[in-house]
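I opened this notebook to keep track of what I looked up, beginning with the surface and ending with charged pairs.

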Amino acid sequence: MKKHLLALALLAATAAAQADSVTYAIDPSHTFVTFEAKHFNTSTLRGRFDKKEGSVAIDRQGKTGKAEITIDAGSVSTGVAQLDTHLKSKDFFNAATTPSVKFVGDQFSFDGDKVSAVAGQLTLLGKTLPVTLKATNFNCYQNPILKREVCGGDFETTITRSQWGMSYGLDYGLPDNIHLLVQVEAVKQ
């Protein structure tokens, strides 16, 4: 009998916790994952990924959440076709073999009711390592067109690409540190 009561109590606690969590679907038309890297320490090369999808669950009262964003590595775009082809090759993203990059964030930090950082795991080239995205802006609003709540913001981090095995060009001056910027908006489901 005690086991059944304990199981019911755990089930009720889980249901209550899930009731406070709100799920949002990533809006791909308002979500951009971009990167910046110094080009031979002279100018800044910028690129982005045009295809991405995911979801975010936020419990503002419980100060928890989970974010999952999957990026199509083959959708990398710098505005230079020859460079895009090289970035898709085995020298960089190896899009034919590892077609996606994935971030799963399960440690949310808050400043009041606003998300201030999301820590989790970034999987790139088949290797998973910890990454923390820091918010430079976060907001939720009632979208007048969709008639639903939209939450999102601007997040950033700097990664060392060689940690994931992406080391092409390091020996002749291409940078190891890559600045990632994630502009995300997600619609309440």
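I began with the accessible surface of the protein, which comes to about 10900 Å², with 55% of that area belonging to carbon and sulfur atoms; such areas come from the Shrake-Rupley method with a 1.4 Å probe, and for residues only the protein chains shown count as cover. I noted that this is a predicted model, in which local features need pLDDT of at least 70 and side-chain atom pairs count only at pLDDT 80 or more, while totals for chains, interfaces and linings use all residues. Residues are numbered from 1 along each chain as its sequence is written, and side-chain values use heavy atoms, with hydrogens and water left out.

Next I looked up the elements and found two helices and eleven strands (DSSP runs, H or I of at least four residues for helices and E of at least two for strands, numbered from the N terminus). I also looked up burial: of the 189 residues, 34% are buried (under 20% relative accessible area, with exposed over 50% and partly exposed in between, using a 1.4 Å probe and protein chains only).

Then I searched the whole structure for salt bridges and found five (a side-chain nitrogen of Lys or Arg within 4 Å of a carboxyl oxygen of Asp or Glu). One of them joins Glu149 and Arg60, whose closest N and O atoms are 3.1 Å apart. Glu149 lies in strand β10 and Arg60 in the loop between β4 and β5, so the pair ties together parts that are 89 residues apart in sequence. Glu149 counts as buried at 17% relative accessibility, whereas Arg60 is partly exposed at 24%.
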